[in-house]
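Visitor: I would like to know where the words used for a structure come from. Could you take me through some of them?

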Protein chains: 2
Amino acid sequence: MNKITEKLLELVSDWKGEFRGAYNIRENGECAGRQSSNHIRIDSKEDAPGLVIHISPEAQNEMVYIPACVTHGDVDDLVYNDFYVGAGADVTIVAGCGVHTDSEETARHNGIHRFFLEKGAHVLYKEKHIGTGVGAGLKKIDPVTDITLDEDAVLEMDTVQLGGVDRTLRKTSAVLAARARLTIHESILTDGEETAQTDFEVSMDGGDSSVNLVSRSVAKGKSCQEYHSRIKGNCRCTGHSECDAILMDRGTVNATPELFAGDPDAALIHEAAIGKIAGEQIVKLRTLGLTQEEAEARIVEGFLRG
Amino acid sequence: MNKITEKLLELVSDWKGEFRGAYNIRENGECAGRQSSNHIRIDSKEDAPGLVIHISPEAQNEMVYIPACVTHGDVDDLVYNDFYVGAGADVTIVAGCGVHTDSEETARHNGIHRFFLEKGAHVLYKEKHIGTGVGAGLKKIDPVTDITLDEDAVLEMDTVQLGGVDRTLRKTSAVLAARARLTIHESILTDGEETAQTDFEVSMDGGDSSVNLVSRSVAKGKSCQEYHSRIKGNCRCTGHSECDAILMDRGTVNATPELFAGDPDAALIHEAAIGKIAGEQIVKLRTLGLTQEEAEARIVEGFLRG
């Protein structure tokens, strides 16, 4: 495992020299370390690059780490990871991704993650993305997440991208059975010439299922962001989405949240607000002794965490 | 002018045997009456069916009526009406449209209205649509509205469709110069197998322009509604859109409000809520002595007016 990978692991998956729990470390398309645990089995996929991860119902409050790092240009890493989570299991999955290039060549990671949660399973899925390095080569991360929730299953997805990724196209889709619950919290900051595109599609097919999508984004420099969500309520269900964006410098944002109510018992709500930081907020922090830049940074930090 | 036209005029344009002000009555594609006034000149269009209406800056608190009626099947009426509103003029334009068929054949009205408002002009534009008649022939109304607002101009559009129209596709677009203000209030009720599609596109190009779109819709029976709005903020401006829908029976609604902030000083907000009437509201009205049906009708009426 090279030094850059170690650094990226610290940034995206709270690596402190080791992982406690099951893990697989992917470095430039190769396996740089793997460990299964009593209740969590990690195998290589037979028909494609990637992993098949079986989590047994006995797994309670357990961790799985599957970070992936690209540490130089001219790598186009593609990986398929499938998670089978047994009925009633309760786990946290950390899937950070770091991409680094010091050369002129593109470094890209494209992770396709599928989650199959059995009845009553609970997953907290944390995904943190970062790009580093001084090369002119593009740093690209294009995650695809497909989620299938059986009855009463709960998935909470927390996805964060805080800079350095030149291009990202993130596609997330989910299908929910009865009483299943999906929560997605997305935080994205783009700067310079970066572009970020997000696409959510959630289908509530089982009675009393629910979804809550919250997207917080900041577009700085000349960066461009596109947000599209589609929430389909095909039964008695509740859906809520909220997408707020802060504009700075010459950043632009396009937000298109779509709601489809195909059943009279579907209750769907959406809110969106796009604008710059209110002047009063800055003034307040400046009277406390912060500079303009410090005040802005503080507000952005709170907004993305919120 | 036939009896059906008189009846439709009452429903869509408050006709009480006469109009006070300038008017043109269109009946099955023909002119059934026209009157210009001192400050408002109505001419036939030379190159296409329709009208050219010149409103001089002297017009203050004046009325223009341009209702259009189709009273039998096998009519496919297409009309182009252009409004040139002089600087500082203040008028109300009533453009009701009624479509009636007792036969198996389709009755359709397709009105393409263009508004050019000069500096500081103020227009209240009222558009009411209705379909009547017992024939199996489809009743279609497809209005297109293009709005160009010069500096400080204000257009308020109030569009209402309260039943009987089998198919409607309504397209509204607007371009706003500095400090121009556009307000659109849409109320749509569909029932049976009706479909209604709405498409708004507003481009705020001048500093401190503003737009407020409010759509209230009720989908009953097996009717389907599609709502799409696109608000583009290309400068310092404010945009607000709100689309609320009530579902009854097996009605469905798809809402896609799009916000594009292309300037850091654009402040854009959207809210949407789709669902059925809350049970408590019905119970409250029933304890006051209303039947279930009366209670629902009362709530729907208030919602569409709101």
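**Words and their grounds**

Guide: Helix 2 of chain B and helix 3 of chain B cross in a right-handed sense. This is a predicted model.

Visitor: What makes the contact between helix 2 of chain B and helix 3 of chain B, and at what angle do they pack?

Guide: The angle is about 120°, and the axes are 9 Å apart. From helix 2 of chain B come B:Q281, B:I282, B:L285 and B:R286, and from helix 3 of chain B come B:Q292, B:A295, B:E296, B:R298 and B:I299. The residues of this contact divide into 4 nonpolar, 2 polar and 3 charged.

Visitor: Why is helix 2 of chain A called oblique to helix 3 of chain A?

Guide: Their axes come within 9 Å and cross at roughly 120°. Angles from 65 to 115 degrees count as roughly perpendicular and those over 145 as roughly antiparallel, while the rest, apart from those under 35, are oblique. Helix 2 of chain A is therefore oblique to helix 3 of chain A. The crossing is right-handed.

Visitor: Which residues meet between helix 2 and helix 3 of chain A?

Guide: A:Q281, A:I282, A:L285 and A:R286 of helix 2 meet A:Q292, A:A295, A:E296, A:R298 and A:I299 of helix 3. By kind, the residues of this contact are 4 nonpolar, 2 polar and 3 charged.

Visitor: Why is A:R26 called buried?

Guide: A:R26 has a relative accessibility of 12%. Buried means under 20%, so A:R26 counts as buried. A:R26 lies in strand 1 of chain A, residues 22-27. Beyond its neighbours within four places in sequence, A:R26 is in contact with A:P49, A:G50, A:P67, A:A68, A:C69, A:D77, A:L78 and A:V79.

Visitor: Is A:D146 buried, exposed or partly exposed, and how do you know?

Guide: The relative accessible area of A:D146 is 29%. A:D146 is in strand 13 of chain A, residues 144-149.

Visitor: What makes the pairing of A:D146 with A:S173 a polar contact?

Guide: The two side chains are 2.5 Å apart at that contact, and the cut-off for a pair of N or O atoms is 3.5 Å. A:S173 is also one of the residues in contact with A:D146 once neighbours within four places in sequence are left aside, as are A:H113, A:R114 and A:F115.

Visitor: How far is A:A174 from A:D146 and from A:I147?

Guide: A:D146 and A:A174 are 28 residues apart in sequence and 5.8 Å apart in space, C-alpha to C-alpha. For A:A174 and A:I147 the values are 27 residues and 4.4 Å, again C-alpha to C-alpha. A:A174 belongs to strand 15 of chain A, residues 167-176.

Visitor: Why is A:A174 described as buried?

Guide: A:A174 has a relative accessible area of 4%, and the limit for buried is under 20%. A:A174 is therefore buried. Leaving aside neighbours within four places in sequence, its contacts are A:I147, A:L182, A:E201, A:V202 and A:S203.

Visitor: How do you know that B:T168 is buried?

Guide: B:T168 has 5% relative accessibility, and under 20% is buried, so B:T168 counts as buried. B:T168 is in strand 15 of chain B, residues 167-176. A polar atom of the B:T168 side chain lies 2.7 Å from the backbone oxygen of B:I141.

Technical notes
Residues are numbered from 1 along each chain as its sequence is written. Chains are lettered from A and ligands numbered from 1 in the order in which they are written. This is a predicted model: local features need pLDDT of at least 70, side-chain atom pairs count only at pLDDT 80 or more; totals for chains, interfaces and linings use all residues. Side-chain values use heavy atoms; hydrogens and water are left out. Helices (H or I, at least four residues) and strands (E, at least two) are DSSP runs, numbered from the N terminus. Buried means under 20% relative accessible area, exposed over 50%, partly exposed in between (1.4 Å probe, protein chains only). A polar contact is a pair of N or O atoms within 3.5 Å; within protein, one must be able to donate a hydrogen and the other to accept it, and residues adjacent in sequence count only if both atoms are side-chain atoms. Axes are lines fitted to C-alpha atoms, for helices over the stretch in contact, and angles run from 0 to 180 degrees between N-to-C directions. A crossing is left-handed if the near helix is turned anticlockwise from the far one by less than a right angle, and right-handed if clockwise. Contact means heavy atoms within 4.5 Å. Ala, Val, Leu, Ile, Met, Phe, Trp, Tyr, Cys and Pro count as nonpolar, Asp, Glu, Lys and Arg as charged, and the others, Gly among them, as polar.
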